[in-house]
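Keep the structure open beside you as you read.

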Amino acid sequence: MTLSVRLMMTSDLPKLIDLFERAYAGYAGFAERSVADFHWRYLDRPDIGKEGVIVVEDVEHRLIGYVVVGTSGTIWEFAIDPDAERQKVASILIAEAERFLMGSGVDEIVLHAPVDDLDMAGALQMAGYGGGLPIQQYLSFIDIPRVVEHILVKHRDVLPGGLGTMEFVIRNPRAWHPERFSPPISDETSASTQRRLPSIVIKASVEALVGVIVGSESPSRAVASGRVRITPLSKTATGLKILRALRLRDPFFFTAADVI
Amino acid sequence: MSYSYRAIDDESDPARQTVRDLIGSAFGGALGPSYWDWKFHGDARHPLVFVAESGGEVVGCRHSLVFDLRLEAGLEVPVLIGGDLLVRPEHRGHHVARRLAAGALDLSIQRNPEVAAYAAFTWPGLADHLTRPLVGTVPVPSSTRRWSKIVGWDNRIANLSSSGLLDDAGQNRGVAGGDHTMRMEIEGAPPLWVEIRGGRVALSGAQPASHEVRVRLRRDGIEALRSRSPVRILRAVSNGGIRVRGRPRHLREVLGARRFYTRVLQELLKKPSPSSR
């Protein structure tokens, strides 16, 4: 397949956003991309500009890959069409990025890629790159009730039926956290039990609850260690199902440009 | 010393220039004032520049921005990202950093009530002492891998060769009597040859006629060597993070010169400062 390489044009912007969406559809943990965000994040960035955004097209002039390169030596972002010959496109993007950077006198080239992107890993290894750990991403929730509600509504399919009213109690609330809250996840039974005593109470620290949500804390281990307490004891199994339903499903990946 | 804390909202506030200078002196290069201007002016979303002052002078700063964070497909929440925490060295030890971070966080939440999450990219020490007590952050299991390649290898070798460090290391770090040539393959960098003859050391990126020892280092192997922990080094040797090939006599010589090699490695992998590039 004959592929061509060129610099981006302003009219490419929506296609780049679309490509990013498709390339990272199975991931989370990064800032949502939009035309306005791309403009600010890359085109306005002091070490990039339009000449730092290189795109690859196939014979039908479909945009199948791009790379955003900064003269600071950072490949801020890349995306490759999942349906393209990914390793081949990755090798082209890496070579173009290096060509761009060699003239800028950089000492080291750095980029981020998903751990399980074997096509990119293969292309990078062939080009002489070495992999390591990135800077650590930390997360917490300011509006815990809203986040819990959104996740439970989205993961309703794995919530046990006939749940009744659940209540979360935060052991160490900060000034902006409520001490307790009941997510309005109503099924047939919970609608009628809204004003009664909660049928299940989950008590946890902010850190334990956030840990369960982002996947750094196993629900069963959190309960076994007492970091999360479920009452009444007879509802432990149901409580564990709720905690498992809270866990986010997509792995977290962030591009170098997400590290602000 | 007494400190006061405030946000800089006015573009014409002269304290802005002081913050730019502070950022420039702390980070410099690509992360200097122009990078800061981009981040906290123009189309950035809800930027907050928060400063600590003492005697009418800016002595520290903290910044934040708001984005939409994807928690999973179809679920995004506004997230507050804190960064660029700086305190002038002479004002450290007075809890300025903690108050800066707390003040900036409170104000950001007041100004952006829609914010549902808080994120930071930082080091474990700072997270444990600052963001965890403040907002309850936890490390997120990451599917991100950082890849890098040193392209200024020749410059690094030349800088190291001309720094006098090799002579010093050769004299003080036990390379006398251990004549050999080593091919060193460091992940993410072109091969390097180290020649030790009669206590004199030469580094080169050009392949000599032959070599007696070949060492391959992956990133985890380098980290193990840096840690100096025998357990980690042994583990790296057993899982291929450190691979050494050569005749036993030469391997003994390399082992004898391990302090020298660790020092060379340390210097070579140190990113040169922008001014020395």
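A cavity, on a 1 Å grid over the protein atoms alone, is a set of points where a 1.4 Å probe fits but cannot get out, and its lining residues have an atom within 4 Å of a point. Grid points are joined across faces, edges and corners, and a volume is the space filled by probe spheres set on the points. You are looking at a predicted model, in which local features need pLDDT of at least 70 and side-chain atom pairs count only at pLDDT 80 or more, while totals for chains, interfaces and linings use all residues. Residues are numbered from 1 along each chain as its sequence is written, and chains are lettered from A in the order in which they are written.

The structure holds two cavities of 30 Å³ or more.

Among the residues around it are B:Arg62, B:His63, B:Leu105 and B:Tyr118. Here β3, β4 and α3 (96-111) of chain B give two or more residues each, and α3(B) has the largest share, with four.

Next comes an open space. A pocket is an open set of points with protein on both sides within 12 Å along at least five of seven lines. The second largest pocket has a volume of about 630 Å³. Of its 22 lining residues, B:Leu225, B:Ile233, B:Val254, B:Arg258 and B:Thr262 are the closest to its centre. Helix α10(B) supplies the largest share of the lining, seven residues.

Finally, turn to α1 (residues 15-26) and α2 (residues 33-40) of chain B. What is the angle at which their axes cross? The axes come within 8 Å and cross at roughly 125°; axes are lines fitted to C-alpha atoms over the stretch in contact, with angles running from 0 to 180 degrees between N-to-C directions. The two helices are therefore oblique to each other, since angles under 35 degrees count as roughly parallel, over 145 as roughly antiparallel, 65 to 115 as roughly perpendicular and the rest as oblique. Residues in contact (heavy atoms within 4.5 Å) include B:Arg16 and B:Ile23 of α1(B) and B:Trp36 and B:Phe40 of α2(B).

Conventions. Heavy atoms only, no water.
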